[in-house]
Amino acid sequence: MKSLQELAAIRERMKNKVALREANGDIRIVVGMATCGIAAGARPVLNALVEAVSKENLENVTVTQTGCIGMCRLEPIVEVFIPDQERVTYVKMTPDKVPEIIEQHIKGGKPVAKYTIGAVEA
Amino acid sequence: MIRTHVLICGGTGCSSSNSMLIADRMEEEVARQGLAEEVKVVRTGCFGLCALGPVMIVYPEGTFYSRVKVEDVPELVEEHLLKGRVVDRLVYREDEGGEEKVEVPSLQETGFYKTQKRVALHNCGLIDPENIEEYIAVDGYAALGKVLTEMTPEQVIQLMKDSGLRGRGGAGFPTGLKWEFAAKNKVPQKYVVCNADEGDPGAFMDRSVLEGDPHAVLEAMAIAGYAIGANKGYIYVRAEYPIAVKRLNIAINQAREYGLLGENIFDTGFNFDIETRLGAGAFVCGEETALITSIEGNRGEPKAKPPFPANKGLFGQPTIINNVETLANIPQIILKGPEWFASMGTEDSKGTKVFALGGKIVNTGLVEIPLGTTLREIIFDIGGGIPNGRKFKAAQTGGPSGGCIPAKFLDTPIDYGNLTRIGSMMGSGGLIVMDDTTCMVDVARFFLDFTVDESCGKCTPCRIGTRRLLEMLDKITSGNGTLEDLDKMEELCNYIKNNSMCALGQTAPNPVLSTLKHFRDEYEAHVVEKRCPAGVCKKLLRFEIVADKCRGCTKCARNCPVGAITGKVKEPHVIDQSKCIKCGACMDGCKFDAIIKK
């Protein structure tokens, strides 16, 4: 190790990889990963979310899974929990809807109405 | 992209209940389910809740699983890791006052962790100890970088003095002062030695730090080397700690690879390297002069002090010896500042202390608390109290060098000074809890038996004195003691204390003295009434069959391993006291409560 910069570079590179263990997310993004969710393609969605959160360095966001919420026909379902706000349920999710949700909802605070259960069902 | 981390405890306790096999199976199963790109299995150091092992935590949810078995792995992977459904039956639940067990979704919310303050242990159970990059990710080696590039050795020593850190190995000598003594010797060759020869029965604090966070110890040794002007360090670790030795050597090699040990560290011209030395398990080698002699390749025996090692130590050169836990505190003191450290603890004892909880306590394991916490908080709030609803009798701290603390001192804040005042000592941090089924005379006998074995034999008071003391205790526990013996014992204790050469002998009588002081009535019961109140000392026990209750089922006669019980079928049986070995097998098996212990 020849310099502090070198040490700092390793720290920066590794930080994201252990940050997961702090579990301090205020915002929770929950992906339905029961059999129905997986069959409908929840895993690519989950992975896209994890990647986006990490890429954008969103330290206060936790991405996690859950079981079946009962609306199997609308899977993959993703729910976003932000403290003091009503939860938002996105349905029939695909990986390409992820950037929009991250940008507008998670970072901007405005739910992407067109992908929510209200819009799709109506 | 990794979305989930499964942290599996790779400490001693969990490893011995197959946690490493669980980790291997977990990796296989994760790969089989096609999750290898999404789930990472990490083997960490000790979480602390050893009684519940093997334990694991799944992040980011923070789900805490306890008592996991190898067979549970497929279900955990399929349910939790693939489908996101927590496997309820394995989630740790806290026993809240005997009522319905409460589910505890996150580790930090448990009674066990809530009041703990983890400084020395802060990376244990969080990072992979075999991966230097994970240590760097949590600010590892930043303290060394700061010290080498921004501070003079004098400033480092001043900072250590300001922090108020005292040695965690037993005696509690101020660390900064020790460093200053060694720094004042202007000679070209000096040494830094890490004392990892943890020998107290029931103590496993240093072991857990070495296994869970070995780089913290290496980093601190390099900092110490810079402060006193040493370029070489030795870690004296017992050979009985194979996992610790293995991880230390991995860590040393990685640190060398990354240029964090070796020559010209951070391009500052500072050189420092570390080697491990294995001890053969002699208790006396935890004493610093004996340890030094042992590293030099000689038989481990202490030397008279002065000269102190800071002036004339390893190979005759100025040497500082610091304990593992002491060192583990140092990188954080440098990074967070001496004020932060000094803000925890009491007037004469700053910071936190790790204790290994053992004996009659629900949460056997490793805890770290701010100094000044009371024994009651440690045992009842964190430790979960005494199992089976029994009554607390005493706590033993400091191992064979310490003493027993009776219930009346439960609310004394624990620090170096207070423990000495109540006749015990901090020691390295073993804390053994005893309930009303423990005989205090027997406890004193147990520790004396240990010191007699471990006395190196160099000086007479320790070699012969402790042996005589043990013989007197044997006499009392076998019912042949007299009241005069108690006074003689006290006199001999004080003699050994005042005349032994090293701390082993000087502290060896403590278990006897403290039990004599606080539990003299138990000694007197053994001597005068020839009775062991706790029902432990076998020679004073008598098993008898109550004729009225005995149905003559013959079970006891069949259970008795020495054929001491006779009697006809359907008639009361009798125990032949001359043959009875007092094993209690008859009483355990009797369905009619017809056998009593006197």
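Good morning, colleagues. I begin with two helices of chain B: α7 (residues 153-163) and α10 (residues 214-228) pack at an angle of about 120°, their axes 7 Å apart. Axes here are lines fitted to C-alpha atoms, for helices over the stretch in contact, and angles run from 0 to 180 degrees between N-to-C directions. That angle makes α7(B) oblique to α10(B), since angles under 35 degrees count as roughly parallel, over 145 as roughly antiparallel, 65 to 115 as roughly perpendicular and the rest as oblique. On the side of α7(B), the contact is made by Pro153(B), Val156(B) and Ile157(B), and on the side of α10(B) by Ile223(B), Tyr226(B) and Ala227(B). Two residues are in contact if their C-beta atoms, placed from the backbone, lie within 7 Å. The residues of this contact divide into six nonpolar, no polar and no charged. In that division, Ala, Val, Leu, Ile, Met, Phe, Trp, Tyr, Cys and Pro count as nonpolar, Asp, Glu, Lys and Arg as charged, and the others, Gly among them, as polar.

A word on the model itself. It is a predicted one, in which local features need pLDDT of at least 70 and side-chain atom pairs count only at pLDDT 80 or more, while totals for chains, interfaces and linings use all residues. Residues are numbered from 1 along each chain as its sequence is written, and chains are lettered from A and ligands numbered from 1 in the order in which they are written. Helices (H or I, at least four residues) and strands (E, at least two) are DSSP runs, numbered from the N terminus.

I turn now to strand β7 of chain B, residues 191-196. Six of its six residues are buried, so β7(B) is largely enclosed by the rest of the structure. Buried means that 20 or more other C-beta atoms lie within 10 Å of the residue's own, with C-beta atoms placed from the backbone. Tyr191(B), Val193(B) and Asn195(B) lie on one side, with Val192(B), Cys194(B) and Ala196(B) on the other. β7(B) pairs in the parallel sense with β8(B), residues 232-238, over six bridges; two strands pair if DSSP finds at least two bridges between them. Within β8(B), Val237(B) is the bridge partner of Ala196(B). β7(B) also runs parallel to β11(B), residues 319-323, joined by five bridges. There, Tyr191(B) has Thr319(B) as its bridge partner.

Next, two open sheets of chain B. One has five strands in the order β13-β12-β16-β14-β15, with mixed pairing. At its edges stand β13 (365-370) and β15 (404-406), each with a single partner strand, so one side of each is left without a neighbour in the sheet. The twist averages 30° from one strand to the next. β12(B), residues 352-359, pairs with β13(B) in the antiparallel sense over six bridges, and Lys353(B) stands opposite Ile369(B).

The other sheet has four strands, ordered β2-β1-β3-β4, again with mixed pairing. Its edge strands, β2 (39-44) and β4 (63-65), each pair on one side only. Here the twist averages 20° from one strand to the next. Helix α2(B), residues 19-32, lies across β1 and β2, running at about 170° to β2(B).

Finally, which residues join the two chains? In chain B, 31 residues are in contact with 28 residues of chain A. The elements of chain B giving two or more residues to this side are β1 (4-9), α5 (132-137) and α6 (142-150). The largest share, four residues, comes from α5(B). Thank you for your attention.

Note on methods. A residue is buried if 20 or more other C-beta atoms lie within 10 Å of its own, exposed if 12 or fewer, and partly exposed in between; C-beta atoms are placed from the backbone.
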